[in-house]
Amino acid sequence: MVLTAAPETATRGEKDRLLQEAVRVLLRNWHGYATVPSRSLYPHQWSWDSAFIALGLQHISAARAATELLSLFGAQWADGRIPQIAFNPAVPDDAYFPGPSVWRSSAIDGHPPIATSGIIQPPLHAVAVASIVQQMDDPGLGFAERAYRCLIDQNAYIRDRRTVAGGLAVLVHPWETGLDNSPAWDHPLAAVPADLSLFDTYTRRDVAHAGAGERPTDQDYARYIRLMLRYRDHGYDDDWVRAKAEFLVVDPAFNALWAWSQLALAEMARRLGRDDSEHLSEAARVTEAMVDQLWSEERALFLARDARSGRLQPERTVAGLIPLVLPGLPPAVVDSLVATATGEAFRIGTPDVHGVPSFDLTDVRHEPRRYWRGPTWLNTTWLVARGLQVHGHQQLAQRLDDDLVGLVAKSGFREYFHPRTGRGHGTRSFSWSAALLIHVLAESD
Ligand code: DGY
């Protein structure tokens with residue numbers, strides 16, 4: 001492996017300029033109590049986006065970062081789920097599809113005061129909360145106490161309503177994974193009928209704001225809509241969905257972030273003078289179950305498992321590297337993961353690749369401009385960097401942080417980037433790209 005300095009390492013003056021621009025992006029995308037990922041493509045509050053956004057916002061104002069997350073927790077359901085989208089009532093229903101009138105959350109017992117979607121997203125929130133609490137002075141414990149209770153309910157929901165045999169979390173919609181159109185879902189999704197006549201009734205809004213060649217296909221979108229309508233029509237019932245869903249996957253990134261969030265909750269518990277032992281044992285249990293059920297010796301990577309067929313999906317995606325954030329991984333697994341990250345599939349730290357590509361560079365399905373089928377994203381690059389740091393690979397982690405800054409310097413606050421040319425794709429002024437730039441620069445000062 002050739003580890004070179006990022007060719008586009010930014011100077012101090014350039015970093016200051018980028019910081020100012022990043023702050024402007026977050027201020028423009030703030031709508032009074034939360035931040036939209038993008039004013040055009042995603043005009044509401046998204047769950048895991050808000051966790052990344054709060055990590056950046058805390059360096060502008062810890063109080064604002066706390067508000068961001070408390071707003072999201074205000075949309076938590078009585079069963080503990082933190083929904084993927086909290087809809088802004090001031091935004092017209094048809095600004096985003098599927099909007100509130102399609103999800104119909106208000107028909108559910110125990111629905112929150114505002115309309116939401118009915119699915120979940122990766123639980124990074126405890127990590128963000130723990131980081132903000134560290135930034136705050138003593139009064140921050142009021143925020144910590146409130147947030148801790150919401151996070152306990154979120155974790156109980158995942159554990160009690162969303163695990164399958166073996167004790168790992170199962171996801172019922174590709175949007176729940178955060179890596180919506182990842183090639184790892186191609187096979188499980190093939191079982192879901194793609195009824196394009198749905199678009200006689202519904203209109204995709206996303207392709208009005210980003211190139212169709214950079215977004216999921218109509219076939220995939222028709223499947224997404226079918227899955228959400230079926231879950232909705234069964235009252236978002238998790239007993240039904242775990243028994244009958246046409247799509248059920250156990251994802252390494254989601255489960256890794258779940259275990260990581262238990263470690264963050266343990267830290268918060270200690271700060272709040274509570275017992276941390278249950279969180280620590282949950283983190284250890286999930287880590288062990290992941291190694292047992294999702295680790296592939298042959299692919300040298302964590303893989304997703306299709307819970308319907310029981311089969312591991314062979315695709316090498318960035319989700320399989322994210323478990324690096326867990327300190328409890330066996331050293332041999334860590335060594336293999338680092339070899340995979342720097343090898344032909346991802347080529348991180350090499351002169352010709354920026355950040356961490358979302359999908360195997362050697363696979364014929366790799367599409368460097370299409371959403372989660374190849375481009376580099378800054379959030380997953382940041383997560384892999386943190387994982388490398390956890391296991392003492394400081395130089396490689398630093399290289400990814402430099403890449404993150406370099407991509408923004410070259411192409412702006414884009415949603416995702418061509419892994420080889422660094423050109424920007426997807427929407428512009430994207431909040432988590434701005435937030436993570438701020439966070440990385442703040443942490444390196
Ligand atoms: C979208 O609308 O594409 C979002 O990613 C769903 O979360």
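## Ground rules

A search of the whole structure finds four cavities of 30 Å³ or more. This is a predicted model, where local features need pLDDT of at least 70 and side-chain atom pairs count only at pLDDT 80 or more, while totals for chains, interfaces and linings use all residues. Residues are numbered from 1 along each chain as its sequence is written, and side-chain values use heavy atoms, with hydrogens and water left out.

Rolling a probe the size of a water molecule over the atoms shows where empty space is left. Here the search runs on a 1 Å grid over the protein atoms alone. A cavity is a set of points where a 1.4 Å probe fits but cannot get out. A pocket is an open set with protein on both sides within 12 Å along at least five of seven lines. Lining residues have an atom within 4 Å of a point. Grid points are joined across faces, edges and corners, and a volume is the space filled by probe spheres set on the points.

The largest cavity has a volume of about 210 Å³. Its lining counts 19 residues, and Tyr42, Trp46, Gln121, Asp180 and Tyr371 lie nearest its centre. By class, 12 of the lining residues are nonpolar, three polar and four charged. (Ala, Val, Leu, Ile, Met, Phe, Trp, Tyr, Cys and Pro count as nonpolar, Asp, Glu, Lys and Arg as charged, and the others, Gly among them, as polar.)

The space taken by the ligand is this largest cavity; to sit there, a molecule needs more than half of its atoms within 2 Å of the grid points. Around the ligand are Tyr42, Trp46, Gln84, Tyr96, Gln121, Trp175, Asp180, Arg215, Tyr221 and Tyr371, each with a heavy atom within 4 Å of it. This shell has six nonpolar, two polar and two charged residues.

## Polar contacts and cover

Which side chains make polar contacts (pairs of N or O atoms within 3.5 Å)? Among them is aspartate 180, with a side-chain N or O atom 2.6 Å from a ligand oxygen. For arginine 215 the distance to a ligand oxygen is 2.8 Å. For tryptophan 46 it is 3.0 Å. The protein covers 95% of the 230 Å² of accessible area that the ligand has on its own, by the Shrake-Rupley method with a 1.4 Å probe.

## The second largest cavity

This cavity has a volume of about 70 Å³. It is lined by 13 residues, with Ala184, Pro252, Ala304, Thr317 and Ala319 closest to its centre. The lining has eight nonpolar, three polar and two charged residues.

The largest pocket holds about 590 Å³ of space. Of its 27 lining residues, Trp382, Arg386, Gln389, His439 and Glu443 are closest to the centre. Helices H5 (125-135), H12 (252-271), H15 (378-390), H16 (394-411) and H17 (431-444) each supply at least two lining residues. Helices are DSSP runs (H or I, at least four residues), numbered from the N terminus. H16 gives the largest share, six residues. The lining has 12 nonpolar, nine polar and six charged residues.

The second largest pocket holds about 150 Å³. Its lining includes Tyr148, Arg159, Gln262 and His279. Helices H6 (140-161), H12 and H13 (277-294) each give two or more residues. H6 gives the most, with five. Four lining residues are nonpolar, three polar and four charged.

Note on methods: Polar contact = N/O pair within 3.5 Å; in protein donor to acceptor, adjacent residues only side chain to side chain.
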